[in-house]
Structure formats: C-alpha cells, structure tokens
Amino acid sequence: MTTRWLTPDEQRAWRAYVAATHLLEDALDRQLQQDAGMPHLYYSILATLSEAPERRLRMTELAEALKITRSRLTYAVTRLEKDGLVGREGCPSDRRGSIAALTGRGTDVLERTAPGHVETVRRRLFDRLTTEQVARLEEICTAIKGTEEEDVPWLRRS
C-alpha cells in the first residue's frame, strides 16, 4: 500500500485547521469553565437537549447529534446528572435504551451561560471572517461532516 502524503498546500491547510480548531476549542472551554464550571462538551449536551422535543433525546440520538462515542456521552451525562442538570429516564419503546432529559436547573445554567458562549464564538470565529468566508466555512464543514462511513463515533463502544 502506497502512502498518499499530503501536498504542500494540503499540509498548510491541515496545520492551519488543527491550530484553529485547537485555539477555538481552548477559548470555548475556558469561557465555559469560568462561566458555568463545565467543559464545552457538557454545554453542548445541554444545548442539544434544549433544542429537542420536550427537551429529551435517546442517548444514542444524542451521541449521534454530538458526534461522540456512547461511552463518552454516558460519562458526561452521569456527571451532568450528579449536578442536577440532566436526568435519565427509561425508554418506553426499548427497555435497553435510555433517554437524557434537560432539567429546570440545566435550563437555568444554559440560559445564564449562553450569552457569554455566543460572544466567545462570535469574537473568536465569526468576527474574523467575511460574509463570503462564513459561507465557505459552512460549505467546507458540511462536506466534511456529510461523509458517511461505517466507523462513526456514536456506533463505537469507546
């Protein structure tokens, strides 16, 4: 098997992507730790549940929406459950499944934290881009996430 090395243009693009995503994720984590005492993933769980019908989702659907493994989601939801931000319920249609539900306390934390989170996203990402660049960013990210592969995180055990 021959290795398909990156071209110089691809290498520069890759390294810029890695640097940008690491810096953005760091800024988001710092803001959310300061404002809510939680990492970005936990905030994303609360936000995703807040947009779901009745503020509830099956754990498998939540893992898929967040593009993470089920074991990572289970760990995160357990921590959020201990803090009273999320509750877990049995799934009426599948006895093996469970549902994550946003609590009133979780909603309060999300509403209190959202303005600072949005400001950080705006300042660290969108304020640095033109309207055309935002459209290209959406196009690029949609192409990347739209690839269908068998080995997707939410179907893995860990």
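This is a tour of a predicted model, one selection at a time.

**Whole chain**

The C-alpha trace spans about 50 × 40 × 25 Å along its principal axes. Switch to a surface: the accessible area of the chain is about 11,200 Å², with 52% of that belonging to carbon and sulfur atoms. Of the 158 residues, 28% count as buried. Among contacts in the chain with a separation of 6 or more, 57% are between residues 24 or more positions apart.

**The largest nonpolar core**

Next select I45, L46, L49, L62 and L73. These are the residues with the most contacts inside the largest nonpolar core, which has 26 residues. Colour α2 (40-51), α3, α4, β3 and α5 (104-124), the elements that give two or more residues to this core. The most comes from α2, with seven residues. In soluble globular proteins, nonpolar side chains tend to be buried together.

Keep L46 selected and show its surroundings. Which residues is L46 in contact with, leaving aside its neighbours within four places in sequence? They are M38, L80, L85, V86, L102, G106, V109 and L110.

Is Q31 buried or exposed? Its relative accessibility is 8%, under the 20% limit, so Q31 counts as buried.

Select T60, R70, R96, G97 and S98. Of the 11 residues that line the second largest pocket, these lie nearest its centre. The volume of this pocket is about 220 Å³. To see where the lining comes from, colour α3 (59-66), α4 (70-82) and β3 (94-102), each of which supplies at least two of the lining residues. Which of the elements gives the most to the lining? It is β3, with four residues. Colour the lining by residue class: one residue is nonpolar, four are polar and six are charged.

Finish with the backbone. Most residues other than glycine have a negative phi, and most peptide bonds are trans.

Select E54 in the loop between α2 and β1 (56-58). Its phi is near 55 degrees, a positive value in a residue other than glycine. With a relative accessibility of 65%, over the 50% limit, E54 counts as exposed.

Then go to K67, in the loop between α3 and α4. K67 is not a glycine either, yet its phi is positive, at about 60 degrees.

Terms used
Residues numbered from 1 in each chain as written. Predicted model: local features only at pLDDT ≥ 70, side-chain atom pairs only at ≥ 80, totals over all residues. Heavy atoms only, no water. 1 Å grid on protein atoms, 1.4 Å probe; cavity = no way out; pocket = protein on both sides within 12 Å on 5 of 7 lines; lining within 4 Å. Points joined across faces, edges and corners; volume = space filled by probe spheres on them. Nonpolar A, V, L, I, M, F, W, Y, C, P; charged D, E, K, R; others polar. Core = buried A, V, L, I, M, F, W, Y, C linked by side-chain atoms within 4.5 Å. Buried < 20%, exposed > 50% of the residue type's maximum accessible area, 1.4 Å probe, protein only. Contact = heavy atoms within 4.5 Å. Areas by Shrake-Rupley, 256 points an atom, 1.4 Å probe, with all protein chains shown as cover.
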